[in-house]
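Reader: I would like to go through this model by question and answer. Please define each term where it comes up.

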Amino acid sequence: MPELELSAGTIDYQDTGGEGPVVVLLHGVAMDGSLWRHVVAGLRDDYRCVVPTLPLGGHRRPMHPDADLSILGVARLVDEFLERLDLSDVTRVLNDWGGAQSLVADGRTARIGRLVITSCEAFDNYPPGLPGSNLVTSARLPGGLALAFNLLRLKPMRRLPVTWGWMTKRPVPSEIMDAWFRPVVTSAEVRRDLRKYVLSTPPKAELLAWSEALRTFDRPALVAWAAEDRVMPPSHGRRLAELLPQAKLVEIADSYTLIPEDQPAVLTAHLRDFLGDRRCFPD
């Protein structure tokens, strides 16, 4: 897997290469780029898929001790990542992580041609739902993150509503989740990085201003939301689509927040349609 040195530290990423339009896929907390493995498999023949592993707890390499890993800081790292790879006119796709709103509010949209927001943090839903609140509580306690993620090595713990039970309707394969959690379980420095992010939520007024800034994004946008989401309210998807001037809204059935896990084929079909590929949708 290639790596790239950014101002905050070294990050790993996947790049399928090719001459097709560039699609950059971004994951959420305590995951890595493998969240998108099924979607990448469905796009890579026609699109260049670039998938960084963000410093959100699933990253293997700790960031520099003084790195800004706040919500806005991580969003700025994404912009730096695109600049370093000289990627432009990209389609940026996010799931779970709400960084698109802070990026737009921060004026860092020059390299974005299209935006795809799938079930994610929005408005004042930071930290999101029961899992987010539980994570913040753990981050505030000495040794809390180490305890929380060591407990998640037990597979029954992963299906509780306060952990990952409301993130997917179906269990994520154990080997994938094991890889997501290994860095934060084994590295105090990775836990330090994750703690910075988790405890960085700004005041409610600033969060709402970030979402409101989406009115200024005057390029094509797709909002794809899980119709049964219990962590990211479906009403937030509809509100985001109303804010974006050129947005199309789709609601995806039989899925919770992590649509790339629950309904990857349906999401891939919507992405292809949004990108102008008129292939048939799966049954």
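Author: A charge sits over a ring if NZ of Lys or CZ of Arg is within 6 Å of the ring centre and within 35 degrees of the ring normal. This is a predicted model, in which local features need pLDDT of at least 70 and side-chain atom pairs count only at pLDDT 80 or more, while totals for chains, interfaces and linings use all residues. Residues are numbered from 1 along each chain as its sequence is written, and side-chain values use heavy atoms, with hydrogens and water left out.

Reader: Over the ring of which residue does the charged end of Arg-239 sit?

Author: The distance from the charged end of Arg-239 to the ring centre is 3.7 Å. The ring is that of Phe-123.

Reader: Which residue in S2 does Leu-4 stand opposite?

Author: Two strands pair if DSSP finds at least two bridges between them. S1 and S2 pair in the antiparallel sense over four bridges, and they form a hairpin with two residues between them. Opposite Leu-4 stands Ile-11.

Reader: Why do the buried residues of H4 line one face of the helix?

Author: The buried residues of H4 (residues 129-140) are Pro-131, Gly-132, Leu-135, Val-136, Ser-138 and Ala-139. Seen down the helix axis, taking the directions from the axis to the C-beta atoms, they line one face because they fall within an arc of 160 degrees.

Reader: Which helices do the buried residues of H4 pack against?

Author: Contact here means heavy atoms within 4.5 Å. By that criterion the partners are helix H5 (144-151) and helix H7 (188-198).

Reader: How many residues apart in sequence are the parts tied together by Tyr-13 and Phe-81?

Author: Rings of Phe, Tyr and Trp (its six-membered ring) pair if their centres lie within 6.5 Å; planes under 30 degrees apart count as stacked, over 60 as edge-to-face and the rest as tilted. The whole structure has five aromatic pairs. Tyr-13 and Phe-81 form an edge-to-face one, 5.4 Å centre to centre with 75 degrees between the planes. Tyr-13 lies in strand S2 (residues 9-15) and Phe-81 in helix H2 (residues 71-84), so the separation is 68 residues.

Notes:
Expected span 1.5 Å × (residues − 1). Buried < 20%, exposed > 50% of the residue type's maximum accessible area, 1.4 Å probe, protein only.
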